[in-house]
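Hi,

Here is the structure I promised to pass on to you. Have a look at it first, and then read on for what I found in it.

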Amino acid sequence: MKTKWKSLSRLFPLGWPWENELTLSAAAIGASALMALCLFAYRFGKAVDSLYDNFYRREPVLVPGRLMPSYPQVLGNSLFLFWLSALCFILLSIAHFLWHRWGSRSDYLMRRLPRQSELWKRCLAGSALLVTCTVLAAGVLFGLFFIWYYALTPAGHLPPDLWAGIGG
């Protein structure tokens, strides 16, 4: 694995354990996705259950006229851990700079290089890559959750405005 992903080492500070950072970041994105999936599945199940009347019946019966809540209401804050992970990845760029400043004391040498942007590239590029991956994963799940919401809502029970509640 080290030879396959070796080109990524240019995005991180010299001497920084970038492989561990990528592994832990992938675990954070995976945990965020799993938590988002569980939260959305729970909220969607509760919303679908509210469409049925099963108080005195053995089999639940769809109540005509009841509508699902809008998609943003069902989604809620399911993607919160993605935004928290992205914030942590942004703050990680400070740790990258401090690694140059205190860890290897190479910030002075990096500024003397012919390409003076090398220090900032190594401090910011890795974090930017991780934030981009996090936002892409959140966007993919947002779209998949919408397809789930739209496809699995019983016919005739979708609200007239699917996006109500987001200020549009």
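The largest nonpolar core of this predicted model has 26 residues. F40, F44, M68, L79, F82, F145 and Y149 are the ones with the most contacts inside this core. Four helices, α1, α2 (71-75), α3 (80-103) and α5, each supply at least two residues of the core, and α1 gives the most, with seven. As general background, nonpolar side chains in soluble globular proteins tend to be buried together.

Leaving aside residues up to four places away in sequence, F40 touches Y71, V74, L75, S78, F145, W148 and Y149.

Next, the pair α1 and α5. Helix α1 covers residues 18-49 and helix α5 residues 118-152; their axes lie 11 Å apart, at an angle of about 20 degrees. Angles under 35 degrees count as roughly parallel, so α1 and α5 are roughly parallel to each other. The crossing of α1 past α5 is right-handed. On the α1 side, the contact is made by E21, L22, S25, I29, A33, A36, L37, F40, A41 and F44; α5 brings L130, C133, T134, A137, L141, F145, W148, Y149 and L152. Of these contact residues, 16 are nonpolar, two polar and one charged.

From G76 to A36 the C-alpha to C-alpha distance is 10.0 Å, although 40 residues separate them in sequence.

Enjoy exploring!

Best wishes

Methods: Residues numbered from 1 in each chain as written. Predicted model: local features only at pLDDT ≥ 70, side-chain atom pairs only at ≥ 80, totals over all residues. Heavy atoms only, no water. Axes fitted to C-alpha atoms, helices over the stretch in contact; angles between N-to-C directions. Parallel < 35°, antiparallel > 145°, perpendicular 65-115°, else oblique. Left-handed = near helix turned anticlockwise from the far one by under 90°. Contact = heavy atoms within 4.5 Å. Nonpolar A, V, L, I, M, F, W, Y, C, P; charged D, E, K, R; others polar. Core = buried A, V, L, I, M, F, W, Y, C linked by side-chain atoms within 4.5 Å. Buried < 20%, exposed > 50% of the residue type's maximum accessible area, 1.4 Å probe, protein only.
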